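Let's take a walk through this structure, one piece at a time. Have the sequence and the 3D view open as you read.

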Amino acid sequence: MTDFMGIVARARIRTSDKNWAEAAELWEEVTAANPVNGDYWARLGEARFGARDYAGAREAWEKVLRLGLRETGLAEDDVTPLMPGEVAWRIACCDAAAGDREAAVAGLQVALDRGMRDPARVKSQEHWQALLDDERIRGMAGVIDSDSMTRDEGWRYDLAFLAREIKRVAYAPFALQPEAEFDRAVAELDAAIPVLTDSRIIVGMMKLVRYLDDGHAFVQWPKDDKELSRVFPVDMFLFSEGLYVIGAGSGCEHLLGAKVEKIGALTVDEAMAALDPIMTRDNEHWLTFMFPALVRCPALLRALGIDDALTVSLPDGTVTEVRLETSSDKVQLDRYPPGWVALTDTVISGDGVTVPRPLHLRNRELPFWFEYLPRDDLVYFQFNAVRDHPAESFAAFCDRLFGFIEGRGVGRLVIDLRWNPGGNTLLSQRLLHHLIASKLLSRRGALFVIIGRLTASAAQNTATAIERETCAIFVGEPTASRPNFIGERIDFELPYSKVQANVADLLWQTSWPDDHRTWTAPDIYAPPTFEAYRRNEDPALDAILSIREHVPG
């Protein structure tokens, strides 16, 4: 077929236009000429389904299930990875659309067994509406009539649903805990439900995902529960010197810079040990970020039997116990609510001048930005989230950044990943390609990467790829993820309580298979200290700027 790629191009146009009948004819030509490419069969399945040829679509998707494919979502707004469970779901949808109830029930079970994400979508998929009276389908999809349930029945249903999803979806559900021990914990929680408060049941559920070896796993309060979600109006950070208040809401400004000595009757170390059973992690360093966030939640502390009073050492040396009124303010990773004050904005120099924030704390709400420091022959690039900005895609930003570097002949680049919790790993490829192609940054000592306790998920993948493909020098503190880690966001909701949960089903192996490191460690260790923070200094960037000698390595 001399015009094969032309047919593929025309088939894609017809698919984009949702001209399903013509698209199906073209994809049939494509698969006839190349029957070994699963991507083409997936396009044929999509087109036949759109043309209401459900038997033909099923046949195409069966081919995909055998061959596999590399594409993610098919539609422009669909980014669902077409892994085996998703392909099996599409086969079940063909049976449901064709009105074959028994085949649809069996197909849905196959999809679940193969790891289909979000079975609750059965409720909103049009071809399944006529089948929702089937208790088998309702059971698989978690469709319930909560009004007919007692409180204990509802919580027990949710617990069973959570346990099922952990076993069904988690990449390695029993990596750190034997299945028998997990089942015993589920049974004990089930038996205790009548005597537990809702918050203690949720804490019990949190403990079930603790041993998945998955830093993305979580169980959280229901989205609309305003009471359980209330927090102390202070932000805290765990420095090498201890736990300090670095931000405060209205009425708590006097606590800025205070050191937290105790939470209830527990020292900070004892409190961290008490929270350990509910803190999922890829490594222990992640807990230095998670712990200060969790101790701001009094409902969580009380559910663990911890008094929510805080004993603090104020900046003037006074030690006092405080009981804070809770707030509905949501403290974002990158910004405070209106009316809050940051410690970094109160720093005054000896001559009475306000000391500006260090670079790494200036624009954290932006996913990416850079500044040129001509005196140091250096570009500082802060990469806070692996996602696009509405005004500029990350790919376009990378083109602009490296155009600036090459045009100016800049000698050094600093990529600051310390506050980057992740996003879409695929977007980092443009950055990696520029780094590999850059002759200016190919020598040791020209490229630096700052990492820290929030460098996780897609940001960890970015750091791992940079480490693998360049001669970058890493500075700061350990990352929050491993170079190879289990992780993915597949949020789901428990049917009765509306508790939010996540269990990851992917092993990201961005490094080599034999890389079993706990984290990416810095070449130059420069952890955050309170002494530097309260002066608006940055130990990590200062360590880079102090490098003047060109010593071996």
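One term to settle before we start: a residue is called buried when its relative accessible area is under 20%, exposed when that is over 50%, and partly exposed in between, using a 1.4 Å probe and protein chains only. What you're looking at is a predicted model, where local features need pLDDT of at least 70 and side-chain atom pairs count only at pLDDT 80 or more, while totals for chains, interfaces and linings use all residues. Residues are numbered from 1 along each chain as its sequence is written, and side-chain values use heavy atoms, with hydrogens and water left out.

Start with helix α4. Helices here are DSSP runs of H or I with at least four residues, strands are DSSP runs of E with at least two, and they are numbered from the N terminus. α4 has 14 residues and reaches 20 Å from its first C-alpha to its last, close to the 20 Å expected at 1.5 Å a residue. That expected span is 1.5 Å times one less than the number of residues in the helix. The buried residues of α4 are Y54, G56, A57, A60, W61 and V64. Looking down the axis of α4, you'll find its buried residues within an arc of 155°, so they line one face of the helix. The arc is taken over the directions from the helix axis to the C-beta atoms. Over on the other side of α4, A55 and R66 are exposed. Among the elements covering the buried residues of α4 are α3 (38–50) and α5 (84–97), where contact means heavy atoms within 4.5 Å. Just after α4, G68 takes a positive phi of about 80°.

Stay on α4 for its charged pair. R58 forms a salt bridge with E62, the closest N and O atoms being 2.8 Å apart; the term stands for a side-chain nitrogen of Lys or Arg within 4 Å of a carboxyl oxygen of Asp or Glu. Both R58 and E62 lie in α4 (residues 54–67), 4 residues apart, about one turn of the helix. An α-helix has 3.6 residues a turn, so residues three or four places apart point the same way. R58 counts as partly exposed because its relative accessibility is 28%. E62 is partly exposed too, with a relative accessible area of 24%.

How many salt bridges does the structure hold? The count is 46. Another one joins the side chains of R117 and E488, at 3.7 Å from N to O. R117 lies in the loop between α6 (101–113) and α7 (135–141), and E488 in the loop between β14 (484–486) and β15 (492–493), so the pair ties together parts that are 371 residues apart in sequence. R117 is buried, and so is E488.

Now for the strands. Is β2 (residues 234–239) enclosed or open? In β2, 6 of the 6 residues are buried, so the strand is largely enclosed by the rest of the structure. V234, M236 and L238 point one way from β2, while D235, F237 and F239 point the other way. In a regular strand the side chains alternate between the two faces of the sheet. β2 pairs with β3 (residues 242–248) in the antiparallel sense over 6 bridges, and two strands count as paired if DSSP finds at least two bridges between them. M236 has V245 in β3 as its bridge partner. With 2 residues between them, β2 and β3 form a hairpin.

Next comes an open sheet of 6 strands with mixed pairing, in the order β9-β10-β11-β12-β13-β18. Its edge strands are β9 (368–373) and β18 (524–525), each pairing on one side only. β9 pairs with β10 (residues 378–383) in the antiparallel sense over 6 bridges, and the bridge partner of Y372 is V379 in β10.

Two helices lie across parts of this sheet. Helix α14 (residues 394–408) lies across β9, β10 and β11 (412–416), running at about 10° to β9. Helix α15 (residues 429–437) lies across β10, β11 and β12 (447–451), at about 160° to β11. The axes are lines fitted to C-alpha atoms, for helices over the stretch in contact, and the angles run from 0 to 180 degrees between N-to-C directions.
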